[in-house]
Amino acid sequence: MSNFKEINFQPAGQFEETRFEKNHNVIFESSSEASKIVAKEIATLIITKSNEDKKCVLGLATGSSPIKVYEELVRLHKEEGLSFANVITFNLDEYWPMRPDNIQSYHYFMHEHLFNHVDILPENIHIPNGTIKQEEVYQYCVDYELKIKEAGGLDFQLLGIGRTGHIGFNEPGSHYNSSTRSITLDHITREDASSSFLGLDNVPRKAITMGISTIKKAKRVVLLAWGETKAKVVQRTIEGDITSKVPATYLQNHQNATFVIDKAAASELTRIKTPWLVTSCVWTEELKKKAIFWLSNKVKKPILKLTDKDYNDKGMASLLVEEGNAYELNIKIFNSLQKTITGWPGGKPNADDSKRPERKFPERKRIIIFSPHPDDDVISMGGTFDRLVEQGHEVHLAYQTSGNIAVSDEDALRFAEVSKVLSPGSERIGTIINFLRNKKTNEIDTLDVRKLKGEIRKAESLGATRYMGVSDENVHFLNLPFYETGRVKKDNLSKIDIDIMCSIIEEVKPHQIYAAGDLADPHGTHKVCLDALFEALALLKTETYMKDCWVWLYRGAWFEWQPHEIEMAVPMSPDQVVKKRHAIFYHQSQKDKVMFQGNDTREFWVRAEDRNRSTAEKYRKLGMADYAAVEAFKRHYF
Ligand code: F6R
């Protein structure tokens, strides 16, 4: 059997968090690294129990958070001989009503991600049954509890956390002593699930869930949380008081619970967000900026008006000790912020570029704008895109995925019916129309329907790029294969994806690359597209032409860089704001009733404008000029 390394967690109870934190937590650089360590802890437990000839009873969760843990457990089984023969599992929850063979069921999820790939005995798997009759649910839940007890209780419980603060499906209001039962899902939980159910109306209203007391009885609890969307609830859970409004806070009373979180999910914790308030800091340039922008916001004064007293009153005396006095420091930080602003994102010819974010040479740059979906380019950087074209650069667009799953069936049917008028005899179009008219809820589209949906998005992109003044031969549709599953769940990146990324970079030999550095889109596509770029850059970085290539990251429709992170800020005139809006309007399939709205009900163009206006406002409040809108970028060094 393999030799698992010591687990990297400090024991619960002896941790060094700040006075605000009421839960043991460990912050990791990435969710992949963290998931491997959690999987290792589970594997070690399974082996220890097996060596003692005992069963290992695991409480398991579904959702996006544990996927990589299961992936690693499967790898340990396949490559290192980890056996699940002594494992008994109890899943936290299941939608109700729900058939086990439905692809949205937790039953399906668990088999797809774990059970089908390991040697667990089928009779040792327990997942609440979503087909149980209403009048039998109560007794079923009592029996589920009994089964856990008979198995010897949970040795280990894996958890995710919902934006409502739920663990399992224990929604706000759940009682401390609750046991396995039927529960009505919170609206926010249903919204979060709506994209995998292809619409809110398809999400069940109820579920069967283990209770808080069931979870609390587990001997060990590990809660996973990844990404910025979880940052607020993680902060409330770890730093807030115990309350039924945030059921995960009940874990504060557990003797052996650890929150395993990534940097993004930890970003609202006091020691991460404002570390100078709770500990002595190593004052890096980025931290200085972060602290001073925070101070300016707190005391509502622009940077140049901050006084020694403001610094001292707000817990930043240590920075003054290091820097001397406020005035010098203010000027330094003010200048560095001002240097980020440029109306020449491709560099300004014939100008001193020492105080600008981009080089002036070569004057006419070759540029690739990578866009994960067919509309992220204009949503996230439409104004900058416009300037780059206007300023004479050779701009290429590379759409990484087809975005086909986000086109509604109604839209596709409309296009198919129009095509049928033009080619009345086409059997292919007839089959598409027939499929769409009779499509069952959640049925996976045929290849031809996916193709049609992809073509609709392609035509929209071309409409927008022509409007922005880019010729069609500079527009590249990469259709990365990892995306083409026809479902919300995508494949892992393969060599073919990376080869496609490499070949477009090799073909253009760009001086600038723009890409989505947005790690929090609902389905993770942006993150995968960014990983694909990073892998391509790693392969190509020794090429001579790459020495002259700078990479700028914009963020997608969900979050924006904060001022202390921004290295290039491109202001937009009111006219450019309108031009950008029109470019976004070309993406008609994503307007009005969007398939994957996420938890923000604003349309994409409204989100984009609000966001660009808000960045401009933040700059103004810090003491910069008053612009209508600003797009923001962070440089990536490779
Ligand atoms: C899943 C479950 C839920 C999820 C939570 C987070 O079995 O009980 O509590 O853990 O909703 O979901 P993800 O991981 O998808 O963000």
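This is a predicted model: local features need pLDDT of at least 70, side-chain atom pairs count only at pLDDT 80 or more; totals for chains, interfaces and linings use all residues.
Residues are numbered from 1 along each chain as its sequence is written, and side-chain values use heavy atoms, with hydrogens and water left out.

Here are the backbone spots to look at. Most residues other than glycine have a negative phi, and most peptide bonds are trans.

**Positive phi**

- Asp53 is a residue other than glycine with a positive phi, near 65°.
- Asp53 sits in the loop that runs between helix 1 (31-51) and strand 2 (56-60); helices (H or I, at least four residues) and strands (E, at least two) are DSSP runs, numbered from the N terminus.
- Lys300, likewise not a glycine, has a positive phi near 55°.
- The loop between helix 9 (285-299) and helix 10 (308-313) holds Lys300.
- Lys300 is exposed, and its relative accessible area is 71%.

**Cis peptide bonds**

- Trp96 and Pro97 are linked by a cis peptide bond, with omega near -5°.
- Pro97 belongs to the loop between strand 4 (93-96) and helix 3 (106-113).
- Between Phe361 and Pro362 the peptide bond is also cis, and omega is about -15°.
- Pro362 has its place in the loop between helix 12 (326-338) and strand 11 (366-371).

Terms used
Buried means under 20% relative accessible area, exposed over 50%, partly exposed in between (1.4 Å probe, protein chains only).
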